[in-house]
Each structure stands twice: as C-alpha cells, then as structure tokens.
Amino acid sequence: NNNELENAGFEHSTVTTGWIVSNATPSSSTTRIEGSKSLSLALTGALSLSQSSTINAAQKSGVQMVASVWVNSSDVSDLQLCSLKNGAEDKCTVTGGYVQGSGWRQLTVSFLGDSTSNGLKLKSTDTTGAVLVDQAFVGIGSPVVDFTPDMVFSAKVSSTGVVSEENTDWINGNCTQSSGTYTC
C-alpha cells in the first residue's frame, strides 16, 4: 500500500508494534473506526505517540506528503498532530483544533517530505484522560480527508474591535478601527 507506517491500523497482536508511546498506558480496544481494533491510550503525563519511516525517503525529499490519524476522546482537549522529518517535529495542526467528545475525528497535516525519514507525532499537554487512535497514515498524496476544525477560521469582532468566539486562536489580540476599516 502507499502508507509508510508499520502497524498503521493497530491490528498487530502487540498493538504498539512500530510505535513509540510516552506518558500513556497503551492497550488494544474494539472501539474502532476500521479493522478489528484501535489503540487505547490512558494518559499518565503529556502524551507523545510517534513513528518515523525511512521507506523510500530519498525519493520523497521535497515531495508533497500527508500525515493523518483518526482520534476519539471525550476528556483530552488539546490533541495535536505533527509531521516528523528526520525525527523532528515539522508542521503541526493548530492547538485546540480537536473538538472534544465529537466522536472519531481525522487530524491531518500536509508537509514536504524529507530525504532521511518521514513520520507523525500525536501529542497533548493534558496529563489525564484517554484517547483512542486508529488508521494512521503517512505517504504521498492524501487518504480521504475529513473536514476538520483546523481548516476553518472564524471569530466575532464587535463594533469596538473586540475579538471573541475564535474557533482557534488565529487573531492576535483585538482589532483597531480607523475610518471604518478594522485591522486585526
């Protein structure tokens, strides 16, 4: 297949095969989006779940790639997905882009491939709670991408320039008004 990750659907008899898990107790769960099981992570600290792949990395240098993962959590609010290039975080979804309690959501980030290794990292600063993870993907192009909150930027601006109800923090401070034009 076109997925460069090992055990991307968490179907292996050892559910964490191929994955590095930090600050969470992993187990398998039958609550899943596809296949017969998913990865369940009970947080014990700031979560990190990652995997990097060297498969055909030399050919993917500078090539448009996608990292994605399906997540489900009702009590972890700040899940964030990052692409990994040569083991280091590259591009990340916006903090707070995951909607708690919304069922299965696909987090997706596009990035340019690296010649050494490419991968993904799911992280959270929350230290308690549980997260289900399924159907991770790193490769060229894109799996079917769900419409996720980090693709929509919205806010209300009052007549005095006060910013409120941002769906994600994308406006720095409030806006100023001059001659009927707001600058944010």
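A disulfide is a covalent bond between the sulfur atoms of two cysteines. In this talk, a pair of cysteine sulfur atoms counts as a disulfide when they lie within 2.5 Å. Keep that cut-off in mind.

Good morning, everyone. What you see above is a predicted model. How many disulfides does a search of the whole structure find? It finds 2.

Take Cys-82 and Cys-92. Their sulfur atoms are 2.1 Å apart, and they form a disulfide. Where do these two cysteines sit? Cys-82 is in strand 4, residues 80-85. Cys-92 is in strand 5, residues 88-92. So the pair ties together parts that are 10 residues apart in sequence. The torsion about the S-S bond is about 105°, so this disulfide is right-handed. Now look at the surroundings. Is Cys-82 buried or exposed? Cys-82 is buried, because its relative accessible area is 0%. Cys-92 is partly exposed, with a relative accessible area of 32%.

Now Cys-175 and Cys-184. Here the sulfur atoms are 1.9 Å apart, and again they form a disulfide. The S-S torsion of Cys-175 and Cys-184 is about 105°, so this disulfide is right-handed. Cys-175 counts as buried, at 6% relative accessibility. Cys-184 is exposed, with a relative accessible area of 57%. What is the pairing, if we number the bonded cysteines in sequence order? The pairing is 1-2, 3-4.

Next, the overall fold. The protein chain has 12 strands and 0 helices. Of its 184 residues, 43% count as buried. Consider contacts between residues at least 6 apart in sequence. Of these, 69% join residues at least 24 apart. The accessible surface of the chain comes to about 9,000 Å². Carbon and sulfur atoms account for 48% of that surface.

On to the core. In soluble globular proteins, nonpolar side chains tend to be buried together. In this model, the largest nonpolar core has 27 residues. Which residues have the most contacts inside it? They are Val-69, Val-71, Leu-79, Leu-120, Leu-122 and Val-133. Several strands give two or more residues to this core: strand 2 (38-53), strand 3 (64-72), strand 6 (105-112), strand 7 (118-123) and strand 8 (130-140). Strand 2 provides the largest share, 5 residues.

Let's zoom in on one residue. Leu-84 is found in strand 4. Leu-84 counts as buried, because its relative accessibility is 5%, and the cut-off for buried is under 20%. What does Leu-84 touch, leaving aside neighbours within four places in sequence? Its contacts include Ser-50, Gln-51 and Ser-52. Also among them are Glu-89, Phe-111 and Leu-120. Take Gln-51. Leu-84 and Gln-51 are 33 residues apart in sequence. In space, C-alpha to C-alpha, they are 8.3 Å apart.

Last point: confidence. The mean pLDDT of the protein chain is 88, and 88% of its residues reach 70 or more. Which strand has the highest confidence, and which the lowest? Strand 1, residues 20-29, is highest, at 98. Strand 12, residues 181-183, is lowest, at a mean of 85. Watch residues 143-150, where the pLDDT is below 50. Beyond near neighbours in sequence, that stretch has 24 contacts in the model.

To recap: 12 strands, 2 disulfides, and a largest nonpolar core of 27 residues. Thank you.

Definitions and conventions. Residues numbered from 1 in each chain as written. Predicted model: local features only at pLDDT ≥ 70, side-chain atom pairs only at ≥ 80, totals over all residues. Heavy atoms only, no water. Core = buried A, V, L, I, M, F, W, Y, C linked by side-chain atoms within 4.5 Å. Buried < 20%, exposed > 50% of the residue type's maximum accessible area, 1.4 Å probe, protein only. Helix = DSSP H or I, 4+ residues; strand = E, 2+ residues; numbered from the N terminus. pLDDT = per-residue confidence, 0-100. Contact = heavy atoms within 4.5 Å. Areas by Shrake-Rupley, 256 points an atom, 1.4 Å probe, with all protein chains shown as cover.
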